[in-house]
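Thanks for coming. I will go through one structure briefly, so please have a look at the screen.

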Amino acid sequence: MDIRSLGFLRIETAKLAEWRTYVIDILGMAEGADSTDTVLHARIDDRIRRLSFVAGEHDRLLSAGFEVANARALAEAATELEAAGVAVKHADDATLADRRVQGLIHCEDPAGNPLEIYWGQAQDHTPLAAPYGNRFVTGDHLGLGHVVMPAPDMEATLDFYENLLGFQLRDRMKLPPAAVPTGKPGQDFYWMNFLSPGARHHSLGLYPGELPPGIVHFMVELERLDDVGFCLDRMNAAGIPIASTLGRHSNDHMVSFYAQAPGGFQVEYGWDGLIVDKATWVTKEITSDSFWGHRWNG
């Protein structure tokens with residue numbers, strides 16, 4: 001299956017006004033031109049949107065959108081999923097118009113995470129009106145960034161992404177039971193897995209426990225380290241809890257911090273992520289989350 005990148009995330013929220021402030025004033029993204037009173041679309045590059053926050057009763061992941069190259073690739077993906085016994089729903093015209101894509105299918109991974117595989121997303125050719133002049137790293141099929149989703153049935157979920165969707169397993173890390181309070185009982189440790197279909201070190205993280213919002217965190221990458229620091233200052237000035245201090249990860253080498261978001265999960269804001277040559281990469285076990293920093297606050 002020829003999936004290229006994580007293209008977009010759609011999130012339902014009961015706190016849309018808080019997200020609007022968080023996304024624009026704190027994260028420094030640009031509001032999409034087609035946002036409404038009930039939907040906030042966020043731009044970080046020339047795509048018409050990368051994040052959508054939909055007003056609702058809950059705070060949860062509605063879908064993670066993964067991009068393929070064209071209609072043929074989408075048709076092949078649908079055929080492969082159906083052959084593997086995965087339920088596939090083809091988007092109707094209203095959904096295609098809503099997502100601003102040419103083709104899209106819906107499915108779920110074995111953990112029940114909602115996925116949308118699509119092609120032909122619309123562009124916005126106007127200059128990106130990022131409020132602080134910051135620029136995000138998305139080019140060369142790197143996509144939005146990455147998302148970490150819960151996968152309590154890790155073996156089946158990992159098999160789905162590796163052997164059906166064609167993601168490459170990049171790294172694994174053992175987590176102690178205390179780090180996975182909702183994991184299957186009786187285990188000495190749990191595997192956290194990092195995967196990607198492309199050059200970004202990981203577009204997907206799989207956390208071996210349950211989490212009510214259906215998302216652990218999402219990450220966006222900035223072109224300059226200073227922009228990460230400026231955002232950290234904005235977070236502190238606004239009184240937003242910092243979940244993890246600035247540090248450099250041992251797997252993707254990202255310099256980043258984590259902050260609490262309005263939806264009960266976290267956002268990672270980073271710089272200098274590792275670019276991988278898929279043909280030569282060797283999967284490893286990392287034994288520490290970070291080279292330095294990333295002190296977790298609970």
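Is C231 buried or exposed? C231 counts as buried because its relative accessibility is 0%. Buried here means under 20% relative accessible area, exposed means over 50%, and partly exposed is in between, with a 1.4 Å probe and protein chains only. C107 also counts as buried, because its relative accessibility is 8%.

Before going on, some ground rules. This is a predicted model, where local features need pLDDT of at least 70, side-chain atom pairs count only at pLDDT 80 or more, and totals for chains, interfaces and linings use all residues. Residues are numbered from 1 along each chain as its sequence is written, and side-chain values use heavy atoms, with hydrogens and water left out.

Staying with cysteines: zero disulfides turn up in a search of the whole structure, a disulfide being a pair of cysteine sulfur atoms within 2.5 Å.

Next, strand β4, residues 51-55. Helices (H or I, at least four residues) and strands (E, at least two) are DSSP runs, numbered from the N terminus. Four of the five residues in β4 are buried. Two strands pair if DSSP finds at least two bridges between them. With β1, residues 3-13, β4 runs parallel, joined by five bridges; R10 has S52 as its bridge partner in β4. With β3, residues 39-43, β4 runs antiparallel, joined by four bridges, and there V39 has V54 as its partner.

Last, helix α1, residues 16-26: its buried residues are L16, W19, Y22, V23, I24 and I26. An α-helix has 3.6 residues a turn, so residues three or four places apart point the same way. After α1 comes G28, with a positive phi near 75 degrees.
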